[in-house]
Amino acid sequence: MSADGGIGVSGSGVSVAHARRWFLEHVSCLALGGVLVVAARPVAAFQTMPEGDYSALVEKACGATADHARQLEQTRDRLDTTLTREQVQTALQALRCPVCGCPLVGDGD
């Protein structure tokens, strides 16, 4: 054993415990530095987009005007055979697009 109570590395005067502590401190500093570098970049999932970009994204995803109209017509055709006109209108008012979550019937529809 060495004078500081650790097991001496032959002739170096450095204990294994001290060498291990030095290694772990430096590895943890490197890991922390890597995390900070990654965290410093903006995360795409949390970036806001201008309103125009969002509507273009929705239009690409579900074709809000064309696809919403198609969904409404299909639903209306199915419901017209079993429900009254008022019941169909109420059901259509509650519909939301499964892609973008927008109501399929707007105020003017």
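Predicted model: local features only at pLDDT ≥ 70, side-chain atom pairs only at ≥ 80, totals over all residues.
In which helix does R78 lie? R78 lies in helix α3, one of the elements shown in the views below.

View 1. Residues are numbered from 1 along each chain as its sequence is written, and side-chain values use heavy atoms, with hydrogens and water left out. The protein has 4 helices and 0 strands, where helices (H or I, at least four residues) and strands (E, at least two) are DSSP runs numbered from the N terminus. The mean pLDDT, the predictor's confidence in each residue on a scale from 0 to 100, is 74 for the protein, and 61% of its residues reach 70 or more.

**View 2. The largest nonpolar core.** Seven residues, L72, V88, L92, C97, C100, L104 and V105, make up the largest nonpolar core, a term for a set of buried Ala, Val, Leu, Ile, Met, Phe, Trp, Tyr and Cys residues joined through side-chain atoms within 4.5 Å. Buried means under 20% relative accessible area, exposed means over 50%, and partly exposed lies in between (1.4 Å probe, protein chains only). Buried residues make up 15% of the 109 residues in the protein. L92 touches L72, T75, R76 and V105, if residues up to four places away in sequence are not counted, and a contact here means heavy atoms within 4.5 Å.

View 3. A search of the whole structure finds 1 salt bridge, defined as a side-chain nitrogen of Lys or Arg within 4 Å of a carboxyl oxygen of Asp or Glu. R76 forms a salt bridge with E73, and the closest N and O atoms are 2.8 Å apart. Both residues lie in helix α3 (residues 64–80), where R76 and E73 are 3 residues apart, about one turn of the helix. R76 counts as partly exposed because its relative accessibility is 26%, and E73 is likewise partly exposed, with a relative accessible area of 41%.

**View 4. H68 and R78 in helix α3.** H68 lies in helix α3 and is buried, because its relative accessible area is 9%, whereas R78 is exposed, with a relative accessible area of 60%. H68 and V99 are 31 residues apart in sequence and 10.0 Å apart in space, C-alpha to C-alpha. R78 and V88 are 10 residues apart in sequence and, C-alpha to C-alpha, 9.5 Å apart in space.

View 5. W22, F23, L24 and V27 make a nonpolar surface patch of about 420 Å². Patches are made of residues with over 30% relative accessible area and no salt bridge, with like charges joined within 9 Å and nonpolar side chains (Val, Leu, Ile, Met, Phe, Trp, Tyr) within 5 Å. W22 is found in helix α1 (residues 16–40) and is partly exposed, because its relative accessible area is 49%. Accessible areas come from the Shrake-Rupley method with a 1.4 Å probe, and for residues only the protein chains shown count as cover.
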